Amino acid sequence: MRIKNLLFILPTILIVLLAACSSQSTEEQIHSHLEQAVELEAEFENQQSAITDLEVQEQEIYNQIIDLGMEDFEQITELSNEALSIIDQREEKIELEKQSIESSQEEFAKIEDLISDLEDTEVKEKAETMYGVMDDRYSAYIKLNKAYVTSLELERALYTMLQQEEIEQEELTEHINSINESYEQVLNLNEQFNNHTLEYNALKKEFYEAAELVVSYEQN
């Protein structure tokens, strides 16, 4: 029932050479917003390992439960409550992750009007393509987040069912199948998000090169 969190992150890119004039060019303003958007995803990055750790803990509890028989119902109930607590923690961290992405998206949207001000055709085309891919990335994350939250709700229902002494095995099996199907969707959406992230990172680099911005690539 556990999915290892494999969300890719954006590398921080620092501008190291500004134009001679004191005011920023349109290209430099875009750079500023792009890198601020990366910084706003820091909380998203911070939650990754914590979420994975909680997933591992819950998986271990689940493995303990399925090794028990109904004569161990009291222990099953106790373990189920522990799992429910972990699901609550996962949900909290997923919400923090989502807020981080939403803040990043809000900052990134500020470049839309700036793109129309770009004079160089090639630079403008690069920026427009980059913007479209990043927009797709944010959309993919929202779908991924919703699918993950749905999976958490299904897991929560499972551990509640396990505390019902008269629950039928057929009903449990059917519900576990639903959880597995839900996580298959999560995996597919996770892959889409990662692909958009990789494509965006490449396009951002191309934009900086076309705009002749001298930058330093600093991996997070």
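**Labels and their cut-offs**

User: Why does Lys126 count as partly exposed?

Analyst: Lys126 has a relative accessibility of 25%. Buried means under 20% relative accessible area, exposed means over 50%, and partly exposed is what falls in between (1.4 Å probe, protein chains only). The 25% of Lys126 falls between those limits, so Lys126 is partly exposed. One thing to keep in mind: this is a predicted model, where local features need pLDDT of at least 70 and side-chain atom pairs count only at pLDDT 80 or more, while totals for chains, interfaces and linings use all residues. Residues are numbered from 1 along each chain as its sequence is written, and side-chain values use heavy atoms, leaving out hydrogens and water.

User: What makes the meeting of Lys126 and Glu206 a salt bridge?

Analyst: The N to O distance between the two side chains is 3.0 Å. A salt bridge needs a side-chain nitrogen of Lys or Arg within 4 Å of a carboxyl oxygen of Asp or Glu, so this pair qualifies. Lys126 sits in helix H5 and Glu206 in helix H6, 80 residues apart, and the pair links these distant parts of the chain. Glu206, at 32% relative accessibility, is partly exposed too.

User: How do you know which parts are helices and strands?

Analyst: They are DSSP runs, numbered from the N terminus: a helix is H or I over at least four residues, and a strand is E over at least two. The protein chain has 6 helices and 2 strands, in the order β-α-α-α-α-α-α-β from the N terminus on.

User: Why is Glu155 called buried, and what about Arg90?

Analyst: Glu155 has a relative accessible area of 1%, so it is buried. Arg90, at 2%, also counts as buried. Their side chains meet in a salt bridge at 3.4 Å, N to O. Glu155 lies in helix H5 and Arg90 in helix H3, so the pair ties together parts that are 65 residues apart in sequence. Both belong to a network of salt bridges that also links Glu55 and Glu58.

User: What makes side chains pair like this?

Analyst: Side chains of opposite charge can pair when their charged atoms come close. The structure holds 10 salt bridges. Another of them joins Glu35 and Lys204, with the closest N and O atoms 3.1 Å apart. That pair links distant parts of the chain, with Glu35 in helix H1 (residues 26-40) and Lys204 in helix H6, 169 residues apart. Both Glu35 and Lys204 are buried.

User: How do you know what Asn145 is in contact with?

Analyst: Contact means heavy atoms within 4.5 Å. Leaving aside neighbours within four places in sequence, Asn145 is in contact with Ile94 and Lys98. Asn145 lies in helix H5, and its 7% relative accessibility makes it buried. Gln47, in helix H2 (residues 42-66), is buried as well, with a relative accessible area of 5%. With residues up to four places away left out, Gln47 touches Lys93, Leu96 and Glu97.

User: What makes a group of residues a patch of negative charge?

Analyst: Asp and Glu count as negative and Lys and Arg as positive, with His and the chain ends not counted. A patch takes residues with over 30% relative accessible area and no salt bridge; like charges are joined within 9 Å, and nonpolar side chains (Val, Leu, Ile, Met, Phe, Trp, Tyr) within 5 Å. The negative patch on this surface includes Asp117, Asp120, Glu125 and Glu212. Helix H5 (121-161) and helix H4 (111-116) each supply at least two residues, and H5 gives the most, with 5.

User: How exposed are Asp120 and Glu212?

Analyst: Asp120 sits in the loop between H4 and H5. Glu212 reaches 71%, so it counts as exposed and also passes the 30% limit. Glu212 lies in the loop between helix H6 (169-210) and strand E2 (214-218). The phi of Glu212 is near 55 degrees, a positive value in a residue other than glycine.

Definitions and conventions
Accessible areas come from the Shrake-Rupley method with a 1.4 Å probe; for residues, only the protein chains shown count as cover. The place of a charge is taken as NZ of Lys, CZ of Arg, CG of Asp or CD of Glu.
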